[in-house]
Amino acid sequence: MEMNDKKLQVSAIKDGTVIDHIPASNLFKVINILGLDKIEKQITFGTNLESKRLGLKAIIKLADIFFVDKEINKIALVAPEAKLNIIKDYKVVEKKIVEVPDNISGIAKCGNPKCITNHEGITTKFSVVSKKKVAIKCHYCEKITDSEHMEIF
Amino acid sequence: MENKHLVSITDYSKEEIFKILDLAAEFEKNPNQNLLDNKVIATLFFEPSTRTRLSFESAISRLGGKYIGFTDSSSSSVSKGESLKDTIMTVANYSDMIIMRHPIEGSARWASEVSRVPIVNAGDGANQHPTQTLLDLYSIRKTQGTLDNLNIYFVGDLKYGRTVHSLLQAMSMFNTTFNFISPEELRIPDEYKLFLDKKGLKYYEHRDFSDIISHADIIYMTRIQRERFSDPMEYEKTKNSYVLKNKMLENTKPNMKVLHPLPRVNEIHTNVDENEKAYYFTQALNGVYTRQAIITHILGLKK
């Protein structure tokens, strides 16, 4: 059939990073955290794909983009089970899992409406108090925000 | 490492706490010392708290210092929309130390990051009030002779009571046994129980304010506020169940003392005041010595 000839080339990238096992509902948060909307490289997104573990998952393929651990670990707040495949010359040369960092800055909003960070233009800072079921403690108001109530900027 | 600021009780190590308490004992013996000669201290009360402000201003006056400030934000540029950062940076130019009370949580931490003079937190919303905690510790040590291995009973509003949370954090360093007596709606939050679990400390929760207090070394009473209840009927039912009466003290330990951060409404019957186990007014007096200790310690005037 003619259709086959018109199929988009999305299945493989030559060099770059594939981020898999993102919960579908958090795809756009991941895009935000990594600032992918400002990158001028070729990026392919897939979402609402079936996953045994996550229900519905999303995947991001980024051509010619490689992340340092510190940067990619920021997405652990919204995609704690994400897996990275590093691709070089069409081959997976490295697999990585994300790790919830000990401290985070400027990504999440403090869940306490009476917190100073929600009243003056201050960069939020948190220490991570639980990594399994992510919970973060505000450096300013000392209140704990859990993953269910976490808002990402 | 000594802290330039006092924002949260958790900033202080055991050693630094002891240093403050020892200094406070010294000020109790000799309260009038001109250590703040030529020093100006700002007392910025973005919300009114007459008791805390007077206690600080008394401490400054006994040290021979001068103070400037405002007693609520309607009389300051805050009412014109000035940010906290701008207020702090400006007042830091006029003073050697800023003592601040603010309704927003985390405001004192933020102020400590933008101020070039030391910040002392005199209460930030429902978060911290470390000078209250230090005066509570001073009162406990003075009456019990130690802070170690005590059995402390917190009574009343344990959910919103900031003094309870901070004192719990501080006392957790001293192998304390905790008893929490409160109505269902005002139970101690899970995060503090988790905190005690992690430290391996014993705690017990009770609904009834009864003869279980016979084991107490300290009873720490708090006020139950009407606005904490979603159901006004519940408040009416509850408010009289957590009242300490003179008769209840009959079977308590001889060393036991009753503490209260004040102001009191009806949770301690006035007939308790004459009982030698009532300590809350002396506790308030201790606040002046403790604040003298904190101010001189932070300014490096007492080694």
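Chain B of this predicted model contains nine helices and nine strands. Its radius of gyration is 19 Å, close to the 19 Å that the globule rule gives for 303 residues, so chain B is as compact as a globular protein of that length. Along the principal axes, the C-alpha atoms of chain B fill a box of roughly 55 × 45 × 40 Å. Of the 303 residues in chain B, 46% are buried. Among contacts in chain B with a separation of 6 or more, 74% are between residues 24 or more positions apart.

Four strands of chain B form an open sheet with parallel pairing, in the order S2-S1-S3-S4. Strand S2 (66-70) and strand S4 (119-124) of chain B are the edge strands, each pairing on one side only. The twist of this sheet averages 15° from one strand to the next. Within the sheet, S1(B) and S2(B) run parallel and are joined by five bridges. B:Thr43 stands opposite B:Gly69 in S2(B).

Helix H3 (residues 84-91) of chain B has the buried residues B:Leu84, B:Thr87, B:Ile88 and B:Val91. Seen down the axis of H3(B), these buried residues fall within an arc of 95°, so they line one face of the helix. Their cover includes strand S1 (40-45), strand S3 (97-102) and helix H4 (107-114) of chain B.

Chain A has an open sheet of five strands with antiparallel pairing, in the order S2-S3-S1-S4-S5. Its edge strands are strand S2 (43-51) and strand S5 (91-97) of chain A, each of which pairs on one side only. Neighbouring strands of this sheet are turned by 20° against each other on average, direction ignored. Strand S4 (residues 83-88) of chain A is joined to S5(A) by six bridges, and the two run antiparallel. A:Ile87 stands opposite A:Val92 in S5(A). In general, strands of a sheet pair through backbone hydrogen bonds, either parallel or antiparallel.

The largest nonpolar core has 111 residues. Those with the most contacts inside this core are A:Ile75, B:Ile98, B:Tyr153, B:Ile219 and B:Tyr220. Leaving aside its neighbours within four places in sequence, B:Tyr220 is in contact with B:Ile152, B:Tyr153, B:Phe154, B:Val155, B:Val164, B:Leu167 and B:Leu259. In soluble globular proteins, nonpolar side chains tend to be buried together.

A:Asn48 is not a glycine, yet has a positive phi of about 55°. Is A:Asn48 buried or exposed? With 12 C-beta neighbours inside 10 Å, A:Asn48 counts as exposed, because the cut-off for that class is 12 or fewer.

A:Glu142, also a residue other than glycine, has a positive phi near 70°. A:Glu142 is found in the loop between strand S9 (135-138) and strand S10 (144-146) of chain A. A:Glu142 has 21 C-beta neighbours inside 10 Å and so counts as buried.

In chain B, the peptide bond from B:Leu262 to B:Pro263 is cis, with omega near 5°. B:Pro263 is placed in the loop between strand S9 (257-259) and helix H9 (280-298) of chain B.

Terms used:
Residues numbered from 1 in each chain as written. Chains lettered and ligands numbered in written order. Predicted model: local features only at pLDDT ≥ 70, side-chain atom pairs only at ≥ 80, totals over all residues. Pairing = 2+ DSSP bridges. Axes fitted to C-alpha atoms, helices over the stretch in contact; angles between N-to-C directions. Rg over C-alpha atoms; globule rule 2.2 N^0.38 Å. Buried ≥ 20, exposed ≤ 12 C-beta atoms within 10 Å, placed from the backbone. Contact = placed C-beta atoms within 7 Å. Arc of directions from axis to C-beta. Core = buried A, V, L, I, M, F, W, Y, C linked by C-beta atoms within 7 Å.
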